[in-house]
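Open the model in your viewer and keep the sequence panel beside it. This tour tells you what to select at each stop.

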Amino acid sequence: MKETIKNHVRAGYPGIYLISAEEARVESELKAVAGDLKHGLHIWSITTGLVDVAQKGVRDCHDAVEVLQAIGELPENTMILLRDWHVFWDDPNPVAVRMFKEELRSAKTRGKTIIALACRQRIPPELEREIVVMDFSLPTAEELETVLDGIAASAKLPKLKKEEKFTFLDAAKGMTTTEAENAFALSVVETGELDAAVVARQKAETLKKNGLLEVIETAESLDSVGGLDALKDWLRKRKEAFSRHAVEYGLPSPKGLLILGIPGTGKSLTAKATAAAFGLPLLKLDAGRLYGGLVGQSEGNVRSVIQTAEAMAPCVLWIDEIEKGFNGSKSSGATDGGTSSRVFGSFLSWMQDKKAPVFIVATANDVSQLPPEMLRKGRFDELFFVDLPNQEERQAIWGIQIAKHGRNPSDFDLGHLAKATEGFTGAEIEQAFVDALFAAFAENKEPGDLSISEILTEAVPLSRLMAEQINELRKWSKGRARPATNPEKETLLRRIAA
Ligand SMILES: Nc1ncnc2c1ncn2[C@@H]1O[C@H](COP(=O)(O)OP(=O)(O)OP(=O)(O)O)[C@@H](O)[C@H]1O
Ligand SMILES: [Mg+2]
């Protein structure tokens with residue numbers, strides 16, 4: 001980060017809008033840049049006024065207009081850091097906007113760089129093209145290690161081994177230094193030692209605060225998914241792809257996977273199981289929330305998602321119902337000044353170019369809503385289509401669901417149950433078993449084949465009501481997506497059954 005800032009200052013950029021919640025880190029990097037370039041550094045906030053860091057002199061100026069005036073009087077080759085600048089641009093004062101523009105112009109000729117530090121993106125349209133927006137990247141593993149060492153030393157803990165450190169640092173990846181410091185400290189207070197579980201929990205909570213990403217803890221593994229053998233094989237082959245061994249071997253890290261198909265057939269379940277199969281943390285993106293009402297907010301959201309996902313890499317980024325988040329890009333332009341296409345475009349180009357090992361699992365059940373660019377080669381490694389489960393798959397799903405609800409599958413005739421649920425999805429099979437449990441509980445009994453059959457006579461699977469849509473989806477996926485279930489097996493079974 002220091003190098004990027006330094007290069008911009010040297011190249012004569014008059015204005016940088018720097019997004020970060022980490023004032024202390026920003027300031028220490030800027031001090032280093034100023035030292036390297038032999039530039040002056042002034043730091044301003046509304047309470048302290050404009051402080052000359054080297055000379056310790058202070059100019060009294062306690063609002064945006066005053067500080068902009070003061071900047072004009074500073075000598076050449078100076079960097080000026082303005083703290084909390086988003087506050088002044090939430091509802092910009094027209095005089096301050098005009099002055100900022102003028103100061104940028106004179107700064108350019110006099111080797112000054114104005115750095116507006118903000119924790120969110122707020123730029124008046126008049127200034128959007130005059131200032132470069134930069135995200136101050138999250139701390140690297142080395143920076144977090146310094147924080148960790150500091151906490152360990154102040155808590156007088158025994159010296160940590162390298163491997164022990166890795167687990168704590170992995171748990172802290174994606175947090176700011178302050179957040180990591182607090183999480184490490186909390187784990188010491190709660191457990192008397194450093195505890196990766198506490199750190200991971202704190203991280204989950206901090207991410208939840210911005211509402212875009214969520215860390216999901218899941219117990220699902222590929223064994224919890226019935227059927228979908230082709231899809232599971234594909235995942236198993238890539239299981240080791242993120243290991244250090246694979247990286248050294250020179251395997252490119254897989255980009256990701258789009259799973260589309262009929263509702264209730266286990267797409268979300270597979271997404272969760274993927275993280276467990278890969279042994280990676282799972283981040284869920286709420287794509288619908290990327291769009292914010294204020295100018296620049298959506299773009300800022302995308303950048304923050306990308307930044308966090310990359311900081312947490314290797315990880316699995318799960319985008320559930322992707323069509324809901326990105327369909328706006330079609331109608332955009334007319335409705336929102338092109339924001340959603342821009343947001344969508346920057347996300348797509350990240351998907352294509354990303355170097356960090358972030359594996360994307362996207363799920364969708366309405367392809368007609370998905371923009372075609374999304375489906376082009378290179379974005380996802382593979383597109384899988386999940387159909388209704390076949391006989392063999394339904395049998396496996398019955399077994400899994402019965403066991404999941406604490407009953408013994410061998411007490412049931414799974415083949416018969418599977419036959420009786422032709423046209424049912426996995427979710428519907430689960431629902432049928434849950435209904436049977438309720439019915440049996442009311443009668444003080446255990447569920448059995450007979451009571452399940454009774455429930456099934458009344459159940460109407462969605463596939464009957466949605467036959468047309470399902471056929472459309474099947475037609476669309478032919479030749480475009482790979483079946484999640486090996487087709488040979490299915491036709492073979494059908495032939496035997498006939
Ligand atoms: N193949 C399967 N194997 C085991 N359980 C399944 C399977 N398919 C569905 N289920 C059960 O149904 C539940 C719902 O499935 P899931 O949420 O994964 O469906 P989905 O395909 O994501 O549906 P939607 O398109 O509506 O989001 C799962 O949590 C699981 O209990
Ligand atoms: Mg789902």
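Start with a loop. Select Asp84, in the loop between β5 and α4. Most residues other than glycine have a negative phi, and most peptide bonds are trans.

A word on the model before you move on. This is a predicted model, in which local features need pLDDT of at least 70 and side-chain atom pairs count only at pLDDT 80 or more, while totals for chains, interfaces and linings use all residues. Residues are numbered from 1 along each chain as its sequence is written, chains are lettered from A and ligands numbered from 1 in the order in which they are written, and side-chain values use heavy atoms, with hydrogens and water left out.

Select Asn77, in the loop between α3 (64-72) and β5 (78-82). Its phi is near 50°, again positive in a residue other than glycine. With a relative accessible area of 39%, Asn77 is partly exposed.

**The whole chain**

Now zoom out. The protein chain has 24 helices and 14 strands. These are DSSP runs, numbered from the N terminus: helices are H or I with at least four residues, strands are E with at least two. The C-alpha trace spans about 90 × 60 × 50 Å along its principal axes. Of the 498 residues, 48% are buried.

Colour by domain. The assignment gives domain 1 (2-135), domain 2 (141-210), domain 3 (222-386) and domain 4 (391-497). Such bounds come from an automatic or database domain assignment. Between the C-alpha centres of domain 1 and domain 2 there are 32 Å.

**Aromatic rings**

Show the rings of Phe, Tyr and Trp. Two rings pair if their centres lie within 6.5 Å, using the six-membered ring of Trp; planes under 30 degrees apart count as stacked, over 60 as edge-to-face and the rest as tilted. The whole structure holds 15 aromatic pairs.

Select Trp44 and Phe88. Their ring centres are 5.6 Å apart and their planes meet at 50°, so this pair is tilted. Trp44 sits in strand β2 (residues 40-45) and Phe88 in helix α4 (residues 85-90), so the pair ties together parts that are 44 residues apart in sequence. Both residues are buried.

With Phe88 it forms another tilted pair, 4.9 Å centre to centre and 45° between the planes. Trp85 and Phe88 are 3 residues apart in helix α4, about one helical turn. Trp85 is buried as well.

Next, select the cluster. Ring pairs link Tyr17, Trp44, Trp85, Phe88, Trp89 and Phe100.

**A buried glutamate**

Go to Glu22, in the loop between β1 (15-19) and α2 (23-37). Why does Glu22 count as buried? Its relative accessibility is 3%. Show its contacts, meaning heavy atoms within 4.5 Å. Leaving out residues up to four places away in sequence, Glu22 touches Ser137, Pro139, Thr176, Thr177 and Thr178.

**Last stop**

Select Ala313 and Pro314. A cis peptide bond joins them, with omega about 0°. Pro314 belongs to the loop between α13 (297-312) and β11 (315-319).

Conventions. Buried means under 20% relative accessible area, exposed over 50%, partly exposed in between (1.4 Å probe, protein chains only).
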